Amino acid sequence: MIPSRNVINIINNTLNLVDPRLINHGGRVAGHVYQVLRARGGMDQKTVRDICLLAVLHDIGAYKTEEIDRMVEFETEDVWSHSIYGFLFLKYLSPLTHLAPALFFHHASIPQLRHCRPEYHELAQMIHIADRIDIMTQIVGDINLESFKRHFGPNRGVKYREDLVDLFESVIFAPDSVEQPFEEAFDALDFTDDELHAYLTMVVLSIDFRSSQTVTHTVTATTVASALAELMGMPRDEADRVYLGTMLHDLGKQGIPPEILEAPGKLSPKAMEIMRSHVGMTEGILDGNVDEQVFNIAVHHHEKLDGSGYPRGIKGEYLGLAERLATVADILSALVGVRSYKESFPKEKVTAILADMAAQGEVDEEIVQVACDHYEHVMTKVNKTAQRVVGIYDHMNLEFDHFKEQSVRYGKDESLGFVVD
């Protein structure tokens, strides 16, 4: 349903919201890695594609930490937190499990690589070198052979593998060097349906996992939307679009500060304006990357039939069944979700609120009736999906805490007695 290159655009556009200083950083790092892989050759298309995607995603754990100020400095001493969390995302929430340990060590020096299995050393170092090249470029405005040698020369065999420093130098600074867009790696080999679903779920959960209160919001809304589409006899292709549009509806929240997302009580007018801007950011992420119906489902989820919704105040005659269904699913998810200012509402309160909104002409009465009539059926599906996601979330946080405790010893190059795999 979505070409591989478009999936990469969605992921890259979403991650670009983490911090303005990191816009397109993952893509540029992937570009350097792709240029080196092409020049060296000897890898099949899928391997090249997966490595490029790993490079794009190498900072996916950045939002979890307060490390961004250090990440955009050239000499970075403490970057373990985002490396660890990124590793866990790829390990548990992507088809790149087999490459995830390289992400754990993508800022590691040569001595620290002894905590990583040898088969990941080269890849970790390639991303490390490409990352440093891009950060250096952002700081000085450009990088040439002289400045490359000035930094990497003294660190050859100390921080960086000599053979890889030489490889990057010979490829990137060759007189006839021509940059090739890394997106080429995704043109000849499309993602399978399972891969597409896994990657989009990964980037969605990278947002929902920012807070323990939002962990299950998107999976709940998506499950509700799918269940209602089935109950209403929606054709399979349209139901698939409802699923996809609902899954992607909150991507723009990556650009909303956590203090607003987690604010207790009613938001101030200024904070509400910022919160509502997530829809526009979702539009920017998806524009040109999904078909029109998926786009409309995702960006119209706060519109109301009476025109009282946002951001455009679209009225009911311009909102199709799929968009109306996603709106009800999003509202139901919010009502049953736990927030800093509320507990999960019971069935009676949820159905009463939905019925009142339908009576006021805000949401579709028929969809609300189906949701209320089949509430237990829908919530059984929700609870099954939510429990799985909460289990992953809890396990990832336990592992994160465990590895983070060891990060001081990583930094000191001490032996840990185990390797990351």
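Predicted model: local features only at pLDDT ≥ 70, side-chain atom pairs only at ≥ 80, totals over all residues.

Me: Where is Ser333 found?

Reply: Ser333 is part of helix α16.

Me: And which residues is Ser333 in contact with, leaving aside its neighbours within four places in sequence?

Reply: Those are His217, Thr220 and Ala221.

Me: OK, what about Thr385, which helix does that lie in?

Reply: Thr385 belongs to helix α19, which covers residues 375-411. With a relative accessible area of 24%, Thr385 is partly exposed.

Me: What is Thr385 in contact with, skipping neighbours within four places in sequence?

Reply: Val219 and Thr223. Take Val219: in sequence, Thr385 and Val219 are 166 residues apart, and in space their C-alpha atoms are 7.1 Å apart.

Me: Switching topic. How many salt bridges are there in the whole structure?

Reply: A search of the whole structure gives 22 salt bridges. Side chains of opposite charge can pair when their charged atoms come close.

Me: Give me one with Arg49. Which residue does it form a salt bridge with?

Reply: Glu195 is one of its partners, with the closest N and O atoms 3.1 Å apart. That pair links distant parts of the chain: Arg49 sits in helix α3 (residues 45-56) and Glu195 in helix α10 (residues 193-208), 146 residues apart.

Me: Got it. What does Arg312 form a salt bridge with?

Reply: With Glu283, and there the closest N and O atoms are 2.4 Å apart. Arg312 is in the loop between α15 (292-299) and α16 (321-336), while Glu283 is in helix α14 (residues 269-286), so this pair ties together parts that are 29 residues apart in sequence.

Me: And Arg312, is that one buried or exposed?

Reply: Exposed, because its relative accessible area is 52%. Glu283, on the other hand, is buried, with a relative accessible area of 14%. Elsewhere, salt bridges that share partners join Arg40, Glu122, Arg161 and Asp163 into one network.

Me: Now the rings. How many aromatic pairs does the count come to?

Reply: It comes to 16 aromatic pairs. One of them is Phe148 with Phe173, a tilted pair with 5.1 Å centre to centre and 55° between the planes.

Me: Where do Phe148 and Phe173 lie?

Reply: Phe148 is in helix α8 (residues 145-155), and Phe173 is in the loop between α9 (162-172) and α10, so the pair ties together parts that are 25 residues apart in sequence. Both Phe148 and Phe173 are buried. Phe191 and Tyr199 form a tilted pair as well, 5.0 Å centre to centre with 50° between the planes.

Me: Why does Tyr199 count as buried?

Reply: Because its relative accessibility is 0%.

Me: Which residues do ring pairs link into a cluster?

Reply: Trp80, Phe87, Phe104, Phe105 and Phe403. There's also a charge to look at: the charged end of Lys349 sits over the ring of Phe345, 4.1 Å from the ring centre.

Me: How many residues are in the largest nonpolar core?

Reply: It has 93 residues, and Phe89, Leu90 and Phe209 have the most contacts inside it. Another core, of 33 residues, lies apart from that one, and includes Ala229, Leu335, Leu354 and Cys372. In soluble globular proteins, nonpolar side chains tend to be buried together.

Me: Last stop, helix α18. Which of its residues are buried?

Reply: In α18 (residues 365-373), the buried ones are Ile367, Val368, Val370, Ala371 and Cys372.

Me: What caps the N-terminal end of α18?

Reply: Asp364 does, with a side-chain oxygen 3.0 Å from the backbone nitrogen of Glu366.

How values were computed
Residues numbered from 1 in each chain as written. Heavy atoms only, no water. Salt bridge = Lys/Arg side-chain N within 4 Å of Asp/Glu carboxyl O. Helix = DSSP H or I, 4+ residues; strand = E, 2+ residues; numbered from the N terminus. Buried < 20%, exposed > 50% of the residue type's maximum accessible area, 1.4 Å probe, protein only. Contact = heavy atoms within 4.5 Å. Phe/Tyr/Trp six-rings, centres within 6.5 Å; stacked < 30°, edge-to-face > 60°. Lys NZ or Arg CZ within 6 Å of the ring centre and 35° of its normal. Core = buried A, V, L, I, M, F, W, Y, C linked by side-chain atoms within 4.5 Å. Polar contact = N/O pair within 3.5 Å; in protein donor to acceptor, adjacent residues only side chain to side chain.
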